[in-house]
Each structure stands twice: as C-alpha cells, then as structure tokens.
Amino acid sequence: HLLTRVVRKSGHRTLHVALVVEHADRDQIHELLHGKVVDVGLPHEWLQGTYLAVDLPPGTDESLFVEALEPLAEAGALHWEIDS
C-alpha cells in the first residue's frame with residue numbers, strides 16, 4: 001500500500017493537542033477536552049491520555065475548541081494546532 005498521489009482533498013482538518021502539565025492537572029484538562037469532543041460528536045483519539053487528535057470535517061466550527069484551548073495554552077498547560 002503506497003500512496004502515490006492525492007486525487008481530491010477531502011476538506012477535513014485535524015486538531016492536535018498535546019498536554020504538558022503534571023498528572024493531576026492533566027486528568028482535569030483531559031476530562032474537559034474529552035467532554036467537548038464527545039458533546040459535538042466528532043471522531044477523535046487519545047494517545048496515553050496526553051495527545052488528542054480530532055477530525056474536523058468541512059464546515060466544522062472550531063471556535064468551541066479554540067475558546068477552551070487558548071487560555072490553557074497561554075498558561076503553559078498544552079500546545080495545539082489545526083492542520084489542513
């Protein structure tokens with residue numbers, strides 16, 4: 001299975017989050033972010049409770065996540081990005 005070309009972009013984007021805080025705080029942030037993803041019903045996966053990837057289909061309003069992520073990022077609790 002070798003990918004040789006992209007026929008058509010799907011328009012999906014991916015939100016990546018890496019939690020970088022101590023264990024007790026990490027659990028609380030994990031629960032907050034997990035609740036937001038589940039509430040909007042987006043496909044997602046966690047790696048070791050620290051790294052989150054969320055599928056953002058075309059038309060998804062990411063502002064719900066950005067509003068939650070920005071203060072946590074400014075406090076040094078996590079790093080995040082949305083790719084296209």
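I'll start with Glu62, which is partly exposed, with a relative accessible area of 25%; buried means under 20%, exposed over 50%, and partly exposed in between, using a 1.4 Å probe and protein chains only. This is a predicted model, where local features need pLDDT of at least 70 and side-chain atom pairs count only at pLDDT 80 or more, while totals for chains, interfaces and linings use all residues. Residues are numbered from 1 along each chain as its sequence is written, and side-chain values use heavy atoms, with hydrogens and water left out.

What does Glu62 meet in a salt bridge? The partner is the side chain of Arg13, at 2.8 Å, N to O. Because Glu62 sits in the loop between β3 and α2 and Arg13 in strand β1, the pair ties together parts 49 residues apart in sequence. Arg13 is also partly exposed, at 23% relative accessible area. The structure holds one salt bridge, meaning a side-chain nitrogen of Lys or Arg within 4 Å of a carboxyl oxygen of Asp or Glu.

Now the sheet. It is open, with four strands in the order β2-β3-β1-β4 and antiparallel pairing. The edge strands, each pairing on one side only, are β2 (44–47) and β4 (78–83). From one strand to the next the twist averages 15 degrees. Two strands pair if DSSP finds at least two bridges between them; helices (H or I, at least four residues) and strands (E, at least two) are DSSP runs, numbered from the N terminus.

β1, residues 13–19, pairs with β4 over six bridges in the antiparallel sense. Within that pairing, Val17 has Trp80 of β4 as its bridge partner.

On to the helices. Helix α1 (residues 23–40) lies across β1, β2, β3 (51–56) and β4, at about 165 degrees to β2. Helix α2 (residues 63–74) packs on the sheet, touching β1, β3 and β4, and its direction makes about 145 degrees with that of β4. Axes are lines fitted to C-alpha atoms, for helices over the stretch in contact, with angles from 0 to 180 degrees between N-to-C directions. Contact means heavy atoms within 4.5 Å.

Back to Val17. Leaving out residues up to four places away in sequence, Val17 touches Leu33, Leu69, Leu78 and Thr50, among others. Thr50 is in the loop between β2 and β3 and is buried, with a relative accessible area of 10%. Beyond four places in sequence, Thr50 contacts Val17, Ala18, Leu19 and Arg26.
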